[in-house]
Amino acid sequence: MKKIAVIGGGNMGGALIAGFLKSGKYSLDEICVADKNKDIRNKYENIGTIVTPDNIEAVSGAEIIILAVKPYLINNVAAEIVHSLKDGQIIVSIAAGMTLDQIRDAFDKEVICFRAIPNIAAEFMASMTFVSGDKYIDEALTDKVIEMFKSVGEAVLIDENLLDAAMVSASCGMAYALRYIRAAMISGVEMGLTAPMSELIVSQTVKGAAQLMLKSSIHPEEEIDKVSTPGGITIAGLNEMEHQGFSSAVISGHMAAYKKVKGE
């Protein structure tokens with residue numbers, strides 16, 4: 001039986017599909033990908049998923065329908081599929097910036113609707129996904145959506161008014177973390193490491209730092225203290241980064257993105 005219909009197989013939709021399949025919790029015949037782009041359909045047809053250019057066909061029989069299209073296309077997709085929806089089907093929009101009220105208005109009927117903000121690490125089952133839905137929705141349905149996104153990483157339920165901040169921290173934050181990795185790689189090359197070696201070292205180091213935080217629940221400064229010998233190498237580097245505005249730049253960057261989301 002078709003469990004998930006993904007309308008839009010682009011970057012984010014594709015990352016989710018890849019993660020769902022790698023997780024082993026969903027089989028090829030349980031996922032349907034709807035996309036007007038023939039190349040995208042061919043990509044998924046070649047790996048064995050159900051594909052269609054027809055959104056109405058895609059939603060037929062699906063338990064969860066993921067709207068993985070740009071915000072400006074939501075109204076068109078909603079108008080196209082609304083009369084084909086059956087009781088109990090769950091709509092999950094991953095369109096950034098569209099509120100639950102706006103999504104419901106697009107369907108112009110009562111639907112079970114959630115917003116979700118995953119990130120591209122879903123492809124490797126390492127996404128940080130935030131889910132928000134109306135309080136009146138049955139808890140079992142909410143759990144079903146949360147569990148779906150937990151198959152591609154971590155997922156938490158949060159209030160809708162916090163989704164913008166969460167998106168900046170996690171989705172935009174992917175780019176910010178990658179920019180740090182890039183800068184650290186460049187410094188490694190300048191110190192004499194090859195580019196591939198520097199990439200491996202920095203990537204594994206960042207992974208290790210993240211694991212420390214996830215596994216220990218200790219404040220980062222406590223871990224920093226453990227590796228910062230008084231008068232040593234690490235503290236010299238940290239102090240120079242702070243002199244150059246490292247923490248201030250990170251905070252300012254996040255706040256600039258947040259203000260952009262809010263239209264300020």
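Tyr26 is buried at a relative accessible area of 15%, where buried means under 20%, exposed over 50% and partly exposed anything in between, with a 1.4 Å probe and protein chains only. Phe20 is buried too, at a relative accessible area of 0%. The ring-pairing rule for Phe, Tyr and Trp (six-membered ring for Trp) asks for centres within 6.5 Å, and calls planes under 30 degrees apart stacked, over 60 edge-to-face and the rest tilted. By this rule the count comes to 1 aromatic pair. That pair is Phe20 with Tyr26, edge-to-face, at 5.4 Å centre to centre and 65 degrees between the planes.

All of this comes from a predicted model, in which local features need pLDDT of at least 70, side-chain atom pairs count only at pLDDT 80 or more, and totals for chains, interfaces and linings use all residues. Residues are numbered from 1 along each chain as its sequence is written, and side-chain values use heavy atoms, with hydrogens and water left out. On pLDDT, the predictor's confidence in each residue from 0 to 100, the protein has a mean of 94, and 100% of its residues reach 70 or more. Helices (H or I, at least four residues) and strands (E, at least two) are DSSP runs numbered from the N terminus, and the protein has 11 of the former and 8 of the latter.

As for the overall picture, the C-alpha atoms fill a box of roughly 70 × 40 × 30 Å along the principal axes. Of the 264 residues, 38% are buried. With contact taken as heavy atoms within 4.5 Å, 63% of the contacts between residues at least 6 apart in sequence join residues at least 24 apart. The protein exposes about 15100 Å², with carbon and sulfur atoms supplying 57% of it; the areas come from the Shrake-Rupley method with a 1.4 Å probe, and for residues only the protein chains shown count as cover.

Two buried positions give a closer look at the packing. Val131 sits in strand S7 (residues 127-133) and is buried at a relative accessible area of 0%. Leaving aside residues up to four places away in sequence, Val131 touches Phe114, Arg115, Ala116, Val145, Ile146, Phe149, Val156, Leu157 and Ile158. Ser203 is another matter: 72 residues along the chain from Val131, with 28 Å between the two C-alpha atoms. Asn55, in helix H3 (residues 55-59), also counts as buried, at 4% relative accessibility.

Most residues other than glycine have a negative phi. Asp108, however, has a positive phi near 55 degrees without being a glycine. This residue lies in the loop between H5 and strand S6 (112-117), and Asp108 is exposed at a relative accessible area of 69%. Met125 is not a glycine either, yet has a positive phi of about 55 degrees. Its place is the loop between S6 and S7, where Met125 is partly exposed at 37% relative accessible area.
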